[in-house]
Amino acid sequence: MFLFMKQHEFVPQVPYGTRDFLPKEASQKRAVEGALAQLFANWGYDEVVTPTIEYLETMTVGVGNDLDQHMFKFFDKNNRILALRPDMTTPMARVAATRFKGSPSPMKLFYITNVFRYEQAQAGRQCEFYQAGVEIMGASEPAADAEVIALAVESMLKSGLQKFQIGLGQVDFINGIMEQSELSLVQRQQIKHAMVTRDLVGLGEILVKSGLSQSDQTLLKHIPLLHGREDMLKQAYSMVTNDKSRRALDNLANIYHLLENYGVSQYVDFDLGIIRDFEYYTGMVFEGYTAGLGFPICGGGRYDTMLHSFGMNCGATGFALGIERVLLALERQGIDGTQNCKGVYIGWNKENLVKAIKQADTLRDSGCSVELAVIPESSAQAKESQKRKGYAKLVYIE
Amino acid sequence: MTSSDMDYLTIALPKGKLFAPSAEMLAKVGCTAEDLSENSRKLVITNEKEKLHFIITKTADLPTYIEYGAADIGIIGKDVLLEEEKDLYELLDLRFGLCRMMVAVPEALKREKLSDYAHMRVATKYPRIAESFFHSMGIQMEFIKLNGSIELAPMVGLAEIIVDLVETGRTLKANNLLEVATIQPVTARFIANRVSFKLKFDRINRITEELRALLEGVVTP
């Protein structure tokens, strides 16, 4: 540390968990976001922009307390607690329940924006990060869930990713099993916690002490491993006797059938072990994975009770895709998302600026990207600038 | 080499005590490589035939490799998992490397109840485990993080209490320390990255099941 300080240089830092996007990354980010905005619009979704800051009490409606400790919080002038939005689903639900009250439903909305969470920062996982996502509000049918999943697949394809997999689950499958059993509330929470934290050893230990029948224990222990195609669904069907779990499996089969018609079912696996980290999911849930990224690239599901908490009684489903995660995956998989759009550099020597402006105008009108020099250069200097800045062509006006 | 190569499985093994039994156990289910040794100068040891990569890491770093997806699966002590709190799959209790996380004090300082030690200084390599243990008992303490030779701290007045991992308790005795509470037993665990567990499910699940079968054939100590 002391050695570094000797350099007498003041290097201002950015806050923990934030980052700069330098031109190359910024242009890749812009390209991906542009493609996604176009895609969502093509599917009939309308964009919504909400404030970066919201009241804390609004952001914690319908969400478990878990998220609370991951929020950036501060006070306004009247000492009300504000929070930087930790995700976009809650603000979108707020908008739908207040601004769109009484509008024809279902509503299809999208956003592409930054959200904020205190997390241990790592590559692809900063405290400020960008998300693109959609929400369908006011629809409880499998058709809405299937559309959201199909759109998630299209989003990844449009971003340039080729190899990825979607894991599709249903939280009611587990809920049904737990409700049917004679577990206490505490035991249910322990079991859920072990599943959410992926602690299968701990899960086994809780089950041994739970007093459940051997077959129920085996079933619960197997949930995180229920993973596969349609035959797994049939197998799971034979493992449960309660209505709720069976309805959950029927629901998945319906969604899957629609995904086949969307032509995206090859990207989808069933995985009944998926319980997303948030407590607000009430139906189907899914996560997207791609090679080279140690965490999901996208995720979503059905959250029917959240709108209810905002006083609007209707179902909702949606997904969000991490923009930085897409960029990181593209880089790790060696896919260059950028179009080499650097076109022409125009250099000029004294008194020829007017001519150069005209030339730049003409070229830009024809769709070329053009950088015009701001100071006169010799032909050799202009050549040097073109090379340094990475332009494909040089026009020198003398 | 990263785990982005879908054909290969990258296995992380910890340096130190757990290395030999871990490597031995994996070898029994067909996961091994020529010249797989703790002292290898190679950082990545590859078995081309079985499509396996091995990396050997410092124990405290191992969960980080797994969480980031730099390795798909690994073996590590539960103590490290509790202390590091990483987001990963804990698939199997491998039952070896049995130790216990415990609280000890010098004999001269022995009190009647655990709460009588409130506000004393605790020296430990595991501040997170120690804090959550005392917190769960409703006792507030002061924690001092050390990286080794924890028993030394009470002898020289750096702390009154220690929280440490012990196997037999012989070191405690030699230093006149008395175990006053057991936090929990600790064994080696088989762990996996959360995405690898999905994308390479068949392969990882097969290894898990083979290890499980191996364990169930063994008489538990």
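**Helix pairs, a sheet and a chain contact**

Let's start in chain A. Helix 6 (residues 171-180) and helix 11 (residues 243-262) of chain A have axes that come within 7 Å and cross at roughly 170 degrees. That makes helix 6 of chain A roughly antiparallel to helix 11 of chain A. Angles over 145 degrees count as roughly antiparallel, under 35 as roughly parallel, 65 to 115 as roughly perpendicular, and the rest as oblique. Axes are lines fitted to C-alpha atoms, for helices over the stretch in contact, and angles run from 0 to 180 degrees between N-to-C directions. Helices (H or I, at least four residues) and strands (E, at least two) are DSSP runs, numbered from the N terminus.

A word on the model. It is predicted: local features need pLDDT of at least 70, side-chain atom pairs count only at pLDDT 80 or more, and totals for chains, interfaces and linings use all residues. Residues are numbered from 1 along each chain as its sequence is written, while chains are lettered from A and ligands numbered from 1 in the order in which they are written.

Back to the pair. Helix 6 of chain A brings A:Asp172, A:Phe173, A:Asn175, A:Gly176, A:Ile177 and A:Glu179 to the contact. Helix 11 of chain A answers with A:Lys244, A:Ser245, A:Arg247, A:Ala248 and A:Leu249. Contact here is C-beta atoms, placed from the backbone, within 7 Å. The classes are four nonpolar, three polar and four charged residues. Ala, Val, Leu, Ile, Met, Phe, Trp, Tyr, Cys and Pro count as nonpolar, Asp, Glu, Lys and Arg as charged, and the others, Gly among them, as polar.

Next pair. Helix 7 (residues 185-196) and helix 8 (residues 200-210) of chain A pack at about 160 degrees, axes 9 Å apart. So helix 7 of chain A is roughly antiparallel to helix 8 of chain A. A:Gln187, A:Gln190, A:Ile191, A:Ala194 and A:Met195 of helix 7 meet A:Gly202, A:Leu203, A:Ile206 and A:Ser210 of helix 8, both in chain A. That contact has five nonpolar, four polar and no charged residues.

Now chain B. An open sheet of six strands runs in the order 2-3-1-4-11-5, with mixed pairing. Two strands pair if DSSP finds at least two bridges between them. Which strands stand at the edges? Strand 2 (44-47) and strand 5 (89-93) of chain B do; each has a single partner strand, so one side of each is left without a neighbour in the sheet. The twist averages 25 degrees from one strand to the next.

Strand 5 of chain B runs antiparallel to strand 11 (residues 188-192) of chain B, joined by four bridges. In strand 11 of chain B, B:Ile191 is the bridge partner of B:Glu90. Helix 8 of chain A packs on this sheet, touching strand 5 and strand 11 of chain B, and its direction makes about 60 degrees with that of strand 5 of chain B.

That leads to the chain contact. Chain B puts in 21 residues and chain A 20. Strand 5 of chain B gives the most to chain B's side, with five residues. Chain B's side divides into nine nonpolar, six polar and six charged residues.

Last, domains; the bounds come from an automatic or database domain assignment. Chain A has domain 1 (23-332) and domain 2 (344-397), with C-alpha centres 50 Å apart. Chain B has domain 1 (9-97 + 187-217) and domain 2 (99-184), with C-alpha centres 30 Å apart.

How values were computed:
Contact = placed C-beta atoms within 7 Å.
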